[in-house]
Amino acid sequence: MKLANRLSRVKPSATLAVNAKALELKNRGVDVISLAVGEPDFPTPPHIAEAAKKAIDEHFTRYTAVAGIPEIRAGICGYYQKVHGVSAKNENVIIGNGGKQCLYNLLLCLLNEGDDVLIPVPYWTSYPDMAALVGANPVFVPSSAENGYRISLGALDASLTPKTKLLLLNSPSNPSGVSYSQKELDTIIRWAMEKDIFIIADEVYEQLVYDEKYQSSASKLWEQYPDKIAILNAFSKSFAMTGWRLGFALAHKELITEMTKLQGQITSSICSISQKAGVTALTSSYDCILPMREAFKRRRDFAYAEISSWKNILCPKPEGAFYLFPDVSELFCEKYKNAQELCSYLLDEAKVAVMPGDAFGLPNCIRISYAVSDETLKKALTSIKKSLYD
Ligand SMILES: Cc1ncc(COP(=O)(O)O)c(C=O)c1O
């Protein structure tokens, strides 16, 4: 078949591939635990789900405005006012089919062929492929487990080129769990503003930060630099709503207008029922997030204490999201020479699926998700330890 050249710039999503392999083993009757998951293990809070049922009963089942019904756009503005003290108007907000679509739309609107995009390493697996799809060049900004995966201004400076247009900043990070404090974030943002570099701040995990010091948002500087910063966010992780496909972006009115134009041609409006659920999520109390955050914190503490006690593994302590990203290169040997082989070994021997770091730009690491029950996490880590050290 003669297919388009642009397809060669994209790899299949690595995270989905590992989950598929674990699922295949499960379907064959093998008792596999997946710590490769990228979504909360909690159900959507009932009051949010009820709003969707009501929308169906009331036949709210037609196309809506492309950028979202006014109530959901107002709800997002209300969220930013309440959580970050930021004043935005409906015209500054668009919803999309998950954070993923909003991000792709942002890149389509902001980047020209040949522009360079700064992507701190480790990165969320879709960033480089999305950048490449719109014809831009991903430029990777290095970090390491030794410095806790925090990017430095020195590393950013060294990665600059005359064609640098945009920085894709993810805090809290998938896969490392790094969350920048407001002070750290401000320093990076001011660096970018001085250099006239646009920032997309991916904050889809912003509600999952476990130490107050690291609760931060680029939106706090957005009012100062409205045409230089866009915030990406979603209901997916904060409200356990991955399947509802509801993401949003906060940006300059002109950018939102262009994103709406694109979305109107590509997907039209977002699921009307999901939007009603989203309105309820945003306009009710956010207390439903608390038990999920507490559970993730408890699991983070447990998994971090456990893994950092293992020999020859360097495991920085994550401040947010639901992943640990240890450097396991000291374990490489004849039996497993790299992270991919190590993950394959763990799937076969420990019956636990974890992600090789290659998918996130650091092949010396593995990503371990703790978005599973406490018991499952304990069982999986015991099994991994046994396979590696016994
Ligand atoms: C860092 C990051 N950004 C964006 C997304 C997209 O989220 P959504 O499911 O809302 O499309 C994800 C999902 O895994 C993510 O990890």
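**View 1. The second largest cavity of this predicted model has a volume of about 40 Å³.** The model is a prediction. Residues that line the second largest cavity include Ile-307, Trp-310 and Ile-313. Strand β12 (366-369) and helix α13 (374-389) each supply at least two residues of the lining. By class, the lining of the second largest cavity has ten nonpolar residues, no polar ones and no charged ones.

**View 2. The largest cavity has a volume of about 140 Å³.** The structure holds five cavities of 30 Å³ or more. Rolling a probe the size of a water molecule over the atoms shows where such empty space is left. The lining of the largest cavity consists of 17 residues. Of these, Pro-120, Pro-122, Asn-170, Ser-173 and Tyr-180 lie nearest the centre of the cavity.

**View 3. Strands β3 and β5 at the largest cavity.** Strand β3 (116-120) and strand β5 (164-170) each supply at least two residues of the lining. The largest share, three residues, comes from β5. In the lining of the largest cavity, 13 residues are nonpolar and four are polar. No charged residue takes part in this lining.

**View 4. The shell around the ligand has 13 residues.** Gly-99, Asp-202, Ser-236, Lys-237 and Arg-245 come nearest to the ligand. Which helix gives the most to the shell around the ligand? Helix α4 (residues 98-110) does, with three residues. Divided by class, the shell has four nonpolar, five polar and four charged residues.

View 5. On its own, the ligand has 390 Å² of accessible area, of which the protein covers 92%.

How values were computed. Residues numbered from 1 in each chain as written. Predicted model: local features only at pLDDT ≥ 70, side-chain atom pairs only at ≥ 80, totals over all residues. Heavy atoms only, no water. 1 Å grid on protein atoms, 1.4 Å probe; cavity = no way out; pocket = protein on both sides within 12 Å on 5 of 7 lines; lining within 4 Å. Points joined across faces, edges and corners; volume = space filled by probe spheres on them. Helix = DSSP H or I, 4+ residues; strand = E, 2+ residues; numbered from the N terminus. Nonpolar A, V, L, I, M, F, W, Y, C, P; charged D, E, K, R; others polar. Near = heavy atom within 4 Å. Areas by Shrake-Rupley, 256 points an atom, 1.4 Å probe, with all protein chains shown as cover.
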